[in-house]
Amino acid sequence: MPAEPSGELARLLSHTERRLAQRLAAVLAEEGCSVEQWRVLSIAADGQGHPMTEIAGYALLPAPSLTKLVDRMIADNLVYRRPDPADRRRVLLHLSARGRILHERAAHRVHTDQARLLDAIGDHGELSRTLLLLGATLDGATFDDVPDARRAGRA
């Protein structure tokens with residue numbers, strides 16, 4: 001593939017993200033799970049409970065879309081809402097037992113597929129570190145502000 005001009009970085013990243021999302025959707029479909037559901041399950045899997053605003057940012061969904069998705073996931077007994085013990089005005093989302101089982105099955109498929117993909121391109125963590133650094137740089141951070149990027153620079 002010929003080298004792309006630097007002005008094409010956004011297009012290349014968008015194209016790659018779209019293809020990767022399609023691949024992820026296909027892997028998750030084997031478990032009856034959507035990419036959006038996967039993102040909600042993934043953040044809730046730590047068992048800590050998370051507010052909807054945090055989940056919306058992680059899942060890359062606007063609040064109204066997330067609310068509809070979470071309502072469906074509650075109806076499917078994948079997640080549940082509970083008041084935040086530290087602030088009763090806030091609601092936290094948690095995985096149900098059924099949601100944890102789905103997350104574990106889907107996580108196995110996702111991690112296996114991602115490992116195959118990264119192995120096929122000979123990546124040993126460099127891509128993730130580079131993307132982390134790029135995202136942090138776009139957010140105004142410097143190389144020294146990103147611990148994983150500093151380690152990659154010394155490697």
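The structure holds 1 cavity of 30 Å³ or more, where a cavity is a set of points, on a 1 Å grid over the protein atoms alone, at which a 1.4 Å probe fits but cannot get out. This is a predicted model, in which local features need pLDDT of at least 70 and side-chain atom pairs count only at pLDDT 80 or more, while totals for chains, interfaces and linings use all residues. Residues are numbered from 1 along each chain as its sequence is written, and side-chain values use heavy atoms, with hydrogens and water left out.

**Cavity and pocket**

- About 40 Å³ of space lies in the largest cavity, a volume being the space filled by probe spheres set on grid points that are joined across faces, edges and corners.
- The largest cavity is lined by L20, R23, L24, V110, D113 and Q114 (lining residues have an atom within 4 Å of a point), and the elements that give two or more residues to this lining are α1 and α5.
- The largest pocket, with about 1,300 Å³ of space, is an open set of points with protein on both sides within 12 Å along at least five of seven lines.
- Of the 24 residues that line the largest pocket, E17, L20, Q114, L127 and L131 are the closest to its centre, and the largest share of the lining, 10 residues, comes from α1.

**Helix α4**

- Helix α4 covers residues 63–75 and reaches 18 Å from its first C-alpha to its last, close to the 18 Å expected at 1.5 Å a residue, where the expected span is 1.5 Å times one less than the number of residues; helices (H or I, at least four residues) and strands (E, at least two) are DSSP runs, numbered from the N terminus.
- In α4, L66, L69, V70 and M73 are buried, that is, under 20% relative accessible area with a 1.4 Å probe and protein chains only.
- Seen down the axis of α4, the buried residues fall within an arc of 100° (taken from the directions from the helix axis to the C-beta atoms), so they line one face of the helix.
- On the other side of α4, P64, K68 and A75 are exposed, meaning over 50% relative accessible area.

**Nonpolar core**

- The largest nonpolar core has 27 residues, of which L28, W38, V40, L41, L66, M73 and V79 touch the most other members; such a core is a set of buried Ala, Val, Leu, Ile, Met, Phe, Trp, Tyr and Cys residues joined through side-chain atoms within 4.5 Å.
- The largest share of this core, 6 residues, comes from α2.
- Leaving aside neighbours within four places in sequence, L41 is in contact (heavy atoms within 4.5 Å) with residues including C33, M73, V79 and H103.
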